[in-house]
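Student: I have a structure to go through. Can we take it step by step?

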Amino acid sequence: MKLGFVSAILDQSSFEEMIDTASSLGFQCVEVACWPQGKAERRYAGVSHIDCEKAAVDDGYVSYIKDYCAKKNIEISSLAFYPNTMDGDLEKRQAAVKHLKNVIRASAKLGINMVTTFIGRDQSKNIEENLELVKEIWPPIMDLAKEQGVKVAIENCPMLFGADQWPGGQNLMTTPANWKKVFEILPYENLGINYDPSHFVWQMIDYIKPIYEFKDKIFHVHYKDIKVYHDKLDQCGIMAYPLDFMSPKLPGLGDVDWGKYVSALTDIGYDGYTCIEVEDKAFEGTQEKVLDSLKLSKKYMENFVI
């Protein structure tokens, strides 16, 4: 396995500065944030370290990115864009799908051949209604990805944190049951999972068993921890806004058993990219804290991944 991080945490850095940081800290890869230029919509989103519209058409730009990464001995694990492609607002939906297609094209041009994203969800509709939306929206996306030779890895984050995402959240592929339903609708070999155990912790789902059940569908891996505050959970219950009883933490500072997690990945023979995703509020505010978050996470995960 190769150890890297999601570049969105370096939101104040240019592409070159971000790659330089990865290289200087001894990482092997980065999952590069590729939102549309200047389109920040939420915390840890809106970061654009590669201009995918430009990369899709400008061979010189593509060569520059490849050469810079090679010079710094950093691989790009995936181009990352996590929108809501099934937003109830049709204008937002269309914009998300359009840019996701550009990300897919750019990933092919760069020879990365991996895109990490969300399936999306109309948060006002139930699961069955959203599955019908999957049938409508996603086949053209996956046809393009198949044509371009690009794998699409869906992260299992519910995108349900507070009132803004209530009641259904903004990502349908959040449980093994929903994974099965979507894979039945979209039987593409290049559609898989970007596996993040932390989201299963607060949903009270076993985060080890699905590794074995979906071993052929795990294309990419995240390392992010979650801490459940049981005293708060006792007061508000699991029907509350999730951030009322949990918070994202650096790997090792939450409730994930990382030894068991990585052990299961080795059991299935996973030898792909694994990226630390930093969303820990305790490490915000200064560039020094951000760098500390990457250093500490790397040091901890190197107990399990070299």
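Student: Is D234 buried or exposed?
Tutor: Keep in mind that this is a predicted model. D234 is found in helix α9, residues 230-236. Its relative accessibility is 64%. The cut-off for exposed is over 50%, so D234 counts as exposed.

Student: What distance separates the C-alpha atoms of D234 and D11?
Tutor: Along the chain, D234 and D11 are 223 residues apart.

Student: Does M204 count as buried, partly exposed or exposed, and why?
Tutor: M204 is found in the loop between α7 (198-202) and α8 (209-213). Its relative accessibility is 46%. Buried means under 20% and exposed means over 50%. The value for M204 lies in between, so M204 counts as partly exposed.

Student: Which residues form a nonpolar patch on the surface with M204?
Tutor: The patch has about 370 Å² of accessible area in total, M204 included.

Student: How many helices and strands are in the protein?
Tutor: Both kinds of element are present. The count is 11 helices and 10 strands.

Student: What is the radius of gyration, and how does it compare with the globule rule?
Tutor: For 306 residues, the globule rule gives 19 Å. The protein comes close to that, so it is as compact as a globular protein of that length. Its radius of gyration is 18 Å.

Student: What share of the residues is buried?
Tutor: Buried means under 20% relative accessible area. Of the 306 residues in the protein, the buried share is 56%.

Methods
Residues are numbered from 1 along each chain as its sequence is written. This is a predicted model: local features need pLDDT of at least 70, side-chain atom pairs count only at pLDDT 80 or more; totals for chains, interfaces and linings use all residues. Side-chain values use heavy atoms; hydrogens and water are left out. Patches are made of residues with over 30% relative accessible area and no salt bridge: like charges are joined within 9 Å, nonpolar side chains (Val, Leu, Ile, Met, Phe, Trp, Tyr) within 5 Å. Accessible areas come from the Shrake-Rupley method with a 1.4 Å probe; for residues, only the protein chains shown count as cover. A salt bridge is a side-chain nitrogen of Lys or Arg within 4 Å of a carboxyl oxygen of Asp or Glu. Helices (H or I, at least four residues) and strands (E, at least two) are DSSP runs, numbered from the N terminus. Buried means under 20% relative accessible area, exposed over 50%, partly exposed in between (1.4 Å probe, protein chains only). The radius of gyration is taken over C-alpha atoms; the globule rule is 2.2 Å times the number of residues to the power 0.38.
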